[in-house]
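Subject: the structure you asked for

Hi,

Have a look at it first, then read on.

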Amino acid sequence: MDSLFDTEHLYRSYFKLSFPVVLGMVVTLVYNLADAYFIAQTGDTDLIAGVSLCAPVFTLLMAFGNIFGQGGSTLISRLLGQKNMEGCRRISSFCFYIAIATGIVLALLMVLFGSAMLQAMGADAETLSHAYRYYMVLAVCAPVIIVSFIHQNLVRCEGLATESMIGTILGAVINIVLDPILISVFGLGAMGAAVATVIGYLCSVIYFLWLLKKKTHSLSIQISDCHVNKQELRQILGIGLSAALSNLMQSLTIMIMNTFLLPYGNDKIAAMGIVLKINMIAQLMLVGFAFGGAPLFGYLYGAHQSRELKKLIHFCLGFMCSVSLVLTLLIWIFASPLMQVFVQDAALISTGVLMLRWQVVTTVFAGIVLLLTILFQAAGKVIPAFLLSISYLSAVRV
């Protein structure tokens, strides 16, 4: 098997992989911003707050998807570097089916404990009905959302970064088209926003299954390939859990923050919900540039090309610092116009601008820690990746 990546031109290979991921991340942001925008146009503060309260649900489902999506992809990248095609097929099939099973179990738990979870997230008498309608759609459809993150990650191991981006964009476009129709035309409100999002994710899943059949050479969804040994399972779960830790702790942080904001009024929760979505612009771009290089990092590590790997790491550190500083400056300067895209209420804008500026002051540190985290994940170093995941959360949330 020839090399999947052009290791003679490392920087070109890095950007070829990372730019589609960055664009895909921006589109993922559109997934979230579309809901926020069309919900905000209703002018109903309780509705905005109710949907904002459900932000931890997305990060929770993303976390479970990343356990097997990122955990599996880092191992597959190293196996590709070792030319182990049989191992790649087994790992990819296992990640697909275990994600489905996890989604079903999680859906049952979320439905059973829905009211308790919503109260823990800060829902009150005014926002509970809106949050409940949004939440229940996501809960029932948890398997679809979780599975959508599997092949979005795995196909990039074979260098199919553009195809991965297309799958993400497809879902986002469908979501954006359906949002105003379901929210306003059919009057479904919060439920309409959730249904549009789920349909978008479902279309992405269908696309990736088609892609798997037509273009990939080392990935599989054959049930006969669905088995791993103990060492492989430890690698998938060890790296996957460290990757998911930031998502899980972010959900907990938002829940606690909403609880503390509740006494100050639903307008503060609504403002913070919009601020967190805007802040995702910077965070998802950094995730894209860091995680975009993960297949190449893992491949070089698996192929024992240490000189090329060190060269690429030095370049990426300087590049990530530069991107982080530029994003921080832009969001700080344009904080008010960014808030005005979503709301016109002067009080909400004023509160949101202050919140947003404090949110982005540690972006450069988050970028550095994020890159190092991805590097350790790509190399299969569980403990350092786990510790750096905690550090990334701290850098983002300080």
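H13 and helix H15 (346-359) each put at least two residues into a nonpolar patch. H13 is the biggest contributor, giving five residues. The patch covers about 920 Å² and is made by Val326, Leu329, Leu330, Trp332, Ile333, Phe334, Leu354, Trp358 and Val361. Leucine 354 counts as exposed because its relative accessible area is 55%, and the cut-off for exposed is over 50%. Before you go further, please keep in mind that this is a predicted model.

**Helix H13**

**Aromatic rings**

The model has 15 aromatic pairs. One of them is tyrosine 11 with phenylalanine 315, a stacked pair with 4.2 Å between centres and 20° between planes. This pair links distant parts of the chain, since tyrosine 11 belongs to helix H1 (residues 10-40) and phenylalanine 315 to helix H13, 304 residues apart. Tyrosine 11 is partly exposed, at 33% relative accessibility, and phenylalanine 315 is partly exposed too, at 24%.

Phenylalanine 315 has another ring partner, tyrosine 14: here the centres are 6.3 Å apart and the planes stand at 80°, so this pair is edge-to-face. Again the pair links distant parts of the chain, with tyrosine 14 in helix H1 and phenylalanine 315 in helix H13, 301 residues apart. Tyrosine 14 is buried, at 0% relative accessibility. Zooming out, ring pairs link Tyr11, Tyr14, Phe15, Phe19, Phe289, Phe315 and Phe319 into a cluster.

**Salt bridges**

There are four salt bridges in the count. Which residue does glutamate 86 form a salt bridge with? The partner is arginine 90, with the closest N and O atoms 2.7 Å apart. Glutamate 86 is partly exposed at 39% relative accessibility, whereas arginine 90 is buried at 9%.

Arginine 90 also meets glutamate 232 in a salt bridge, 2.6 Å from N to O. That one links distant parts of the chain: arginine 90 is in helix H4 and glutamate 232 in helix H10 (residues 230-261), 142 residues apart. Both arginine 90 and glutamate 232 are buried.

Then there is glutamate 163 with lysine 215, where the closest N and O atoms are 3.5 Å apart. This pair also links distant parts of the chain, from glutamate 163 in helix H8 (residues 161-185) to lysine 215 in the loop between helix H9 (190-214) and H10, 52 residues apart. Glutamate 163 is buried at 15% relative accessibility, while lysine 215 is partly exposed at 40%. As for shared partners, salt bridges join Glu86, Arg90 and Glu232 into one network.

Isoleucine 145 sits in helix H7 (residues 142-154) and is buried, at 1% relative accessibility. Leaving out residues up to four places away in sequence, isoleucine 145 touches Leu61, Leu138, Val198 and Tyr201. Isoleucine 145 and glycine 200 are 55 residues apart in sequence, with their C-alphas 9.4 Å apart in space.

Glutamine 377 is in helix H16 (residues 363-378) and is also buried, at 2% relative accessibility. Neighbours within four places in sequence aside, glutamine 377 is in contact with Gln70, Thr74, Arg78, Ile239, Ser242, Ala243, Ala385 and Ser389.

Happy to go through any of this with you.

Cheers

Key: Residues are numbered from 1 along each chain as its sequence is written. This is a predicted model: local features need pLDDT of at least 70, side-chain atom pairs count only at pLDDT 80 or more; totals for chains, interfaces and linings use all residues. Side-chain values use heavy atoms; hydrogens and water are left out. Helices (H or I, at least four residues) and strands (E, at least two) are DSSP runs, numbered from the N terminus. Buried means under 20% relative accessible area, exposed over 50%, partly exposed in between (1.4 Å probe, protein chains only). Contact means heavy atoms within 4.5 Å. Patches are made of residues with over 30% relative accessible area and no salt bridge: like charges are joined within 9 Å, nonpolar side chains (Val, Leu, Ile, Met, Phe, Trp, Tyr) within 5 Å. Accessible areas come from the Shrake-Rupley method with a 1.4 Å probe; for residues, only the protein chains shown count as cover. A salt bridge is a side-chain nitrogen of Lys or Arg within 4 Å of a carboxyl oxygen of Asp or Glu. Rings of Phe, Tyr and Trp (its six-membered ring) pair if their centres lie within 6.5 Å; planes under 30 degrees apart count as stacked, over 60 as edge-to-face and the rest as tilted.
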